[in-house]
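Please keep the structure in view while reading.

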Amino acid sequence: MTCEYTWPNHLMATDAAATRALIEQHGFQDDVAYGQTKIFIRTPRTLFALEEERSNLIPIIVLLLQKEMWPEGKQSITEVTKRPLTAATLFKNSIVALVDNLASKVSQIFLFWWRARQLVTNIPPSEMGQIKAKVAAFDVLQGRRKNWGCCQNWRQNYLVSVWRGALARKRCRYLRAIYTIMAYYKRHKVKSHLLELLQRFQGVRSMADYGKSVEWPEPPEVLAQFQESSKLIFCRNNPPPLLSLLPQAEENSALAAQFLKQVSTLKEKMHFSSILFSCHVRKINRCNKRTDRALLITDQHLYKLDPRKQYRVKKTIALGTTCYLYMSIEG
């Protein structure tokens with residue numbers, strides 16, 4: 001570090017030669033002795049002098065490194081810590097520049113006016129009329145060109161607006177046609193589905209199961225809820241045929257009288273208008289126990305009666321909650 005021949009890397013043939021050059025540059029060759037791999041210093045003064053010179057060079061080297069790594073360090077503190085210009089300062093500077101620019105233009109305009117005045121004053125009176133005519137013709141020509149350009153721009157803008165309007169009206173007609181076709185197609189789908197339902201369920205009353213086996217067609221999306229409601233209405237309003245309004249003929253007259261008496265009592269109490277169905281049935285529970293019961297269906301309720309106890313009502317079910325009622329013959 002303290003020798004120009006050895007800093008930062010020596011270019012000598014050997015390290016011993018570099019050490020000898022360092023000692024000779026500082027003038028300590030008489031105070032040292034060279035060995036094979038070491039150097040022997042006779043007095044401490046030489047070592048202390050080398051260390052002191054090295055310590056003095058370290059701050060200089062550090063400063064050089066700092067300058068290379070941070071070049072802005074050589075600038076003044078005001079330039080390094082300078083804040084960016086604010087919006088107000090930029091606006092003020094722009095206004096000042098604008099005023100200066102206008103001032104320069106005003107001076108130029110004044111100069112042109114002064115020169116034109118000098119030229120006009122130097123024109124002979126005999127040529128003044130001809131010059132005025134030329135200036136008037138130039139003004140007229142310039143005005144015509146300006147108006148012609150405006151007309152051209154107006155015509156171009158008008159044509160563009162007309163063409164855009166025509167395209168918009170054409171697109172509107174296409175959209176109206178599309179929506180009209182869609183509406184007619186939806187009507188066709190609904191009408192076709194209703195006709196299909198009418199065709200399939202036209203003769204269900206003559207069938208053995210009263211249309212239970214008829215498969216419902218796939219409805220359009222708009223009629224999905226309608227078809228579900230139609231299925232429910234079909235189940236409720238398609239009861240089995242009326243077999244008898246009274247107990248069967250083989251039953252004795254005493255049971256018939258009791259049945260009629262119970263029916264009269266129910267009619268006074270429930271106020272139904274008509275009897276849809278009545279018969280004797282046999283109930284078999286899950287334990288294979290059999291019990292005789294009487295079934296009475298009116299236009300309002302379904303009654304389960306006990307014929308052994310003068311047709312006392314065992315259970316009442318609202319007819320609106322019943323979908324199906326099946327009757328089987330005991331084998």
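## T46 and its surroundings

In this predicted model, T46 touches F28, D31 and I41 once residues up to four places away in sequence are set aside. T46 itself belongs to helix α2, which spans residues 44–69, and I41, one of the residues that T46 touches, falls within the range of strand β2, residues 39–41.

How accessible is T46? Its relative accessibility is 0%, and because buried means under 20% relative accessible area, T46 counts as buried.

## The second largest pocket

Helix α2, the helix that holds T46, also takes part in the second largest pocket, where it provides the largest share of the lining, 4 residues. Alongside α2, the helix α1 (15–26) and the strand β2 (39–41) each supply at least two residues of that lining.

The space in this pocket comes to about 220 Å³, and 12 residues line it, with T2, L22, L50, E51 and R54 lying nearest its centre.

When its neighbours within four places in sequence are left aside, T291 is in contact with V281, R282, K283 and R308.

The relative accessible area of T291 is 12%, and T291 is therefore classed as buried, given that the limit for this class is under 20%.

Is K212 buried or exposed? With a relative accessible area of 51%, K212 is exposed, since that class begins over 50%.

K212 is found in the loop that runs between helix α5 (125–200) and helix α6 (224–236). The C-alpha atom of K212 is separated by 10.0 Å from that of F201, and the two residues are 11 residues apart along the chain.

## Cysteines and disulfides

A search of the whole structure for disulfides finds 0. A disulfide is a covalent bond between the sulfur atoms of two cysteines.

Two cysteines can be described by their accessibility: C172 is partly exposed, with a relative accessible area of 33%, whereas C279, at 10% relative accessibility, counts as buried.

Definitions and conventions. Residues numbered from 1 in each chain as written. Predicted model: local features only at pLDDT ≥ 70, side-chain atom pairs only at ≥ 80, totals over all residues. Heavy atoms only, no water. 1 Å grid on protein atoms, 1.4 Å probe; cavity = no way out; pocket = protein on both sides within 12 Å on 5 of 7 lines; lining within 4 Å. Points joined across faces, edges and corners; volume = space filled by probe spheres on them. Disulfide = S-S within 2.5 Å. Buried < 20%, exposed > 50% of the residue type's maximum accessible area, 1.4 Å probe, protein only. Contact = heavy atoms within 4.5 Å.
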